[in-house]
Amino acid sequence: MRTILLSILAALFLAVPSAAAHTYLDTTNPEDGAVVTEPLQSIELTYAGKIEVGSTFKVISSNGEEIETVSMDLVDGVLTGTFDSPLPNDDYTVEWNSISADGHPLTGSFSFTVDAPVAEEPVEEEVTEENEEQVEVNETAENDAAKTTAADEEETSNNTLLYIVGAILLLIVLVSIFTVARRKNTK
């Protein structure tokens, strides 16, 4: 009986790190199959776990042309590609290649359509320095809030898994101690 309990305990210790280490693509913005009706100037891939620098994606239009990104940023498991200007109306495929924190390559693709209203000639507004500064402050605050929320959600998810695994291990240890003590008392 003791050997069986020790074997189970060893198996749990070996299985837990590999289960917690695997990363996968959790969500995308835009989502697979989405029809985007607003100007789209960036694409986000959110992973359930950490991914390594060097992870990337490419965006391909319906005629096979690759759309160039001006920046590719990786922050807290979110890979964001930004374009010079909003994507024109078309069907797009995103082909992504990522490396999980444990070194496993991850690949896949998803598609979406941009069907945004074509803007008429914009009427020039009087832009003041004060307006520009306010826009920059608002954008910075929104980005900071989004990053904080994503990091908090990921940390909560990881902590919950650790608490569950810890509780299971504690239960196994307590049952093992009780079983050994009971056997000694019956001898």
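Trainee: In this predicted model, how many bridges join β4 to strand β5?

Mentor: The model is predicted. Strand β5 covers residues 66-67 and runs antiparallel to β4. One of the contacts between these strands pairs I60 with E66 as bridge partners. The number of bridges joining β4 to β5 is 2.

Trainee: Which residue in the turn of the hairpin formed by β4 and β5 has a positive phi?

Mentor: The hairpin leaves 4 residues between β4 and β5. In that turn, a phi of about 90° belongs to G64.

Trainee: Over how many bridges do strand β4 and β8 pair?

Mentor: Strand β4, residues 56-61, pairs with β8 in the antiparallel sense.

Trainee: How many residues apart in sequence are the parts that the pair of Y47 and W96 ties together?

Mentor: Y47 and W96 form an edge-to-face aromatic pair, with 6.0 Å centre to centre and 80° between the planes. Y47 is buried at a relative accessible area of 3%, and W96 is buried at 9%. Because Y47 lies in strand β3 (residues 42-47) and W96 in strand β8 (residues 90-99), the pair ties together parts whose separation in sequence is 49 residues.

Trainee: Which residue forms one aromatic cluster with F110 and F112?

Mentor: F110 and F112 are both buried. Their rings form a tilted aromatic pair, 6.4 Å centre to centre with 35° between the planes. The aromatic cluster that holds F110 and F112 also includes Y92.

Note on methods: Residues numbered from 1 in each chain as written. Predicted model: local features only at pLDDT ≥ 70, side-chain atom pairs only at ≥ 80, totals over all residues. Heavy atoms only, no water. Phe/Tyr/Trp six-rings, centres within 6.5 Å; stacked < 30°, edge-to-face > 60°. Buried < 20%, exposed > 50% of the residue type's maximum accessible area, 1.4 Å probe, protein only. Pairing = 2+ DSSP bridges.
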